[in-house]
Amino acid sequence: MHWKHKAAIQNLMGRLPPNLGNPIYYRLQSTFGSLRHASPVSRLKAGIEMVRRIRRFNRSVESAVFLEVGTGHQLALPLSLWLCGASAIMTMDLNHYLKERLVLNDIQYLRRHEKEVRNLFTGISQSRLFDERFERLISGANSLRELLSLTNIRYRAPADASCLPFEANSIDYHISFTVLEHIPPVVLERIFQEGRRVLRPGGLFIHHIDFSDHFAHSDDAISSVNFLQFSESEWEGLAGNRYMFHNRLRIDEFQKLLVDLDLEILALDSKVDDDAVDLLSKGFPLNERFRNKDWSTNAARDAWVVASPACVAEASVRAPTVSASARRRPGATA
């Protein structure tokens, strides 16, 4: 679908009250969009990536408490963490998007692809604990209520991640996966400030951000930096709705936001879209907000960030990974 047609549909749905617009938009997604062939694999892998990063900094997943910002329609990410040993996962969303049908479809997927799923977790989870939990999951979760009870996943929606109903120092890991790009910067600041309050000493923020134009995910005719050509008012008119809002923060702006909040960035692992770098080097028009940034900054596709409210002596900040082609073009575009 042409991205402007999709934008028009989303804006139309966004003008409806949530109790009316959300069910209609969900049906459209299930019939024509990304939920038509929804699979748990990508978010199972996201959970595994989080576990790897936790262990990189000599932390443990076993018996830990996680807080996920932005649940979405499924529970594959919390399930992945539970299979790796988490004791509780609090997951919350601004809107009630979670769908029992999709969650149970994911459980059916685990049953049908047991060997494939087990292979995903090889070497990342304690084999005895994983085997015991996996068997319980595929044999005993036949409703959303049963699943939540079995796994100690606690779902809250609608809920405000900037005003949490949790005591101070009660959470080990504050996490999200492709969520923070959909939140206005001023709200992001409050979410991280509240996250500092609830994190235990030694706790970590672990977040994956998708910096790309999300319309490019379903329209191959545009690039991952297509939305950088628009002014704030133009972009608001195109995507200023609850279904496609993107703050368009570049990786340097996100890094500055964390530093200004006195958070120590322990790791920043990013990927650059080389095709977008080539496009920018050939003079792709940019709005003035982005013109003075170098090509690799504007073309950062996604990143994993690990941060801490306290200094971790053994950790060091790592610069974003930049492709060879981007390094050969260090200048900013005009």
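Start with the whole chain and its contacts (heavy atoms within 4.5 Å): among those between residues at least 6 apart in sequence, 80% join residues at least 24 apart. You are looking at a predicted model, where local features need pLDDT of at least 70 and side-chain atom pairs pLDDT 80 or more, while totals for chains, interfaces and linings use all residues. Numbering runs from 1 along each chain as its sequence is written, and side-chain values use heavy atoms, without hydrogens and water.

Now switch to a cartoon. You will find 14 helices and seven strands, taken as DSSP runs numbered from the N terminus (helices: H or I, at least four residues; strands: E, at least two).

Colour by burial next: 54% of the 334 residues are buried, that is, under 20% relative accessible area with a 1.4 Å probe, protein chains only.

Then select residues 41–56, which form helix H3, and pick out Arg53 within this helix. Is Arg53 buried or exposed? Arg53 counts as buried because its relative accessibility is 7%. Show side chains and you can follow a polar contact of 2.6 Å from Arg53 to Glu49; such a contact is a pair of N or O atoms within 3.5 Å, where within protein one must be able to donate a hydrogen and the other to accept it, and residues adjacent in sequence count only if both atoms are side-chain atoms.

Conventions
Buried < 20%, exposed > 50% of the residue type's maximum accessible area, 1.4 Å probe, protein only.
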